[in-house]
Each structure stands twice: as C-alpha cells, then as structure tokens.
Amino acid sequence: RASSRRPPPGVPAARTRHTGGGGMPKYNGHVSNWNFPRPGKRNSEGFGFVKVEGDRSADVGDLFLYADSIKDSKLRSQAKIFGLKNGTKIKFDIEEPASSRRSRLAVNVLPDDGSSSGR
C-alpha cells in the first residue's frame with residue numbers, strides 16, 4: 001500500500017510549534033554567546049545562545065540560535081562570516097522543541113534597531 005504522509009492516530013501532525021505568528025517577531029533579547037563552526041567543516045554554520053529579555057524562568061536556560069534561523073540577510077551574513085558579538089540585540093519568535101532533550105530555538109530573527117520600546 002502507498003504510504004500517506006499523515007501521522008498515525010494520536011501523534012501530532014506538526015513536530016514543532018512556533019509561539020509567534022506571522023509578522024514581526026514578538027520577543028526581544030540579546031546574544032549571550034556565539035560559537036564559530038569548526039575549521040574545515042563544509043556547509044557548517046555558526047550557532048549561539050540567546051537570552052530573552054524579561055524571561056524570569058532561569059531554569060529553562062537560553063534559546064539556541066542557528067545562523068540560518070536569522071531572517072535578516074545582512075545579520076545572517078555577519079553571523080556566518082564574523083559571528084555575532086555578545087550583547088547584540090535581536091527580535092525573534094520561539095520554536096518549542098520536538099522532544100524534551102532539545103532546547104527551545106530562536107527563529108525568524110531580526111536585528112533590534114531600538115525602535116520598539118524595550119528595557
């Protein structure tokens with residue numbers, strides 16, 4: 001029989017959930033650490049961690065950020081070539097992990113130019 005792309009009963013259709021909808025990202029934060037890819041690895045990208053502004057849930061930890069999750073092309077290129085400096089202010093949505101072993105992800109990342117009221 002041909003396999004359908006529907007999940008079996010009782011299994012959610014989507015593996016991850018985005019907490020933000022379309023439009024502008026709804027969270028503000030800053031890069032807390034950036035890691036460059038290992039030299040010599042082809043098709044690898046940098047990654048980092050993001051602190052959410054006003055996030056009181058310290059036990060959850062930082063969000064994980066892949067360079068390819070950056071929506072703004074200028075900021076994405078900067079991240080891949082030079083890395084992002086600690087403290088770089090950004091706006092983003094949060095993607096919940098597919099399993100309990102993975103971290104929450106910062107997605108739809110844009111630079112925070114300071115035009116919105118933040119702390």
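**Exercise 1.** Locate serine 69 relative to β3 and α1, and decide whether serine 69 is buried or exposed.

*Solution.* Step 1: serine 69 sits in the loop that joins β3 (63-66) to α1 (73-81). Helices here are DSSP runs of H or I with at least four residues, strands are runs of E with at least two, and both are numbered from the N terminus. The model is predicted: local features need pLDDT of at least 70, side-chain atom pairs count only at pLDDT 80 or more, and totals for chains, interfaces and linings use all residues. Residues are numbered from 1 along each chain as its sequence is written, and side-chain values use heavy atoms, without hydrogens and water.

Step 2: serine 69 counts as buried because its relative accessibility is 18% (buried is under 20% relative accessible area, exposed over 50%, partly exposed in between; 1.4 Å probe, protein chains only).

Step 3: beyond neighbours within four places in sequence, serine 69 contacts Ala106, Val107, Asn108 and Val109 (contact: heavy atoms within 4.5 Å).

**Exercise 2.** Describe the largest nonpolar core.

*Solution.* Step 1: the core has 16 residues, and Leu65, Leu84, Ile90, Phe92 and Val109 touch the most other members. Such a core is a set of buried Ala, Val, Leu, Ile, Met, Phe, Trp, Tyr and Cys residues joined through side-chain atoms within 4.5 Å.

Step 2: at least two residues each come from β1 (27-35), β2 (47-52), β3, α1, β4 (89-95) and β5 (105-111). β4 gives the largest share, 3 residues.

Step 3: leucine 84, leaving aside neighbours within four places in sequence, contacts Val31, Trp34, Leu65, Ile70, Leu75, Gln78 and Ala79.
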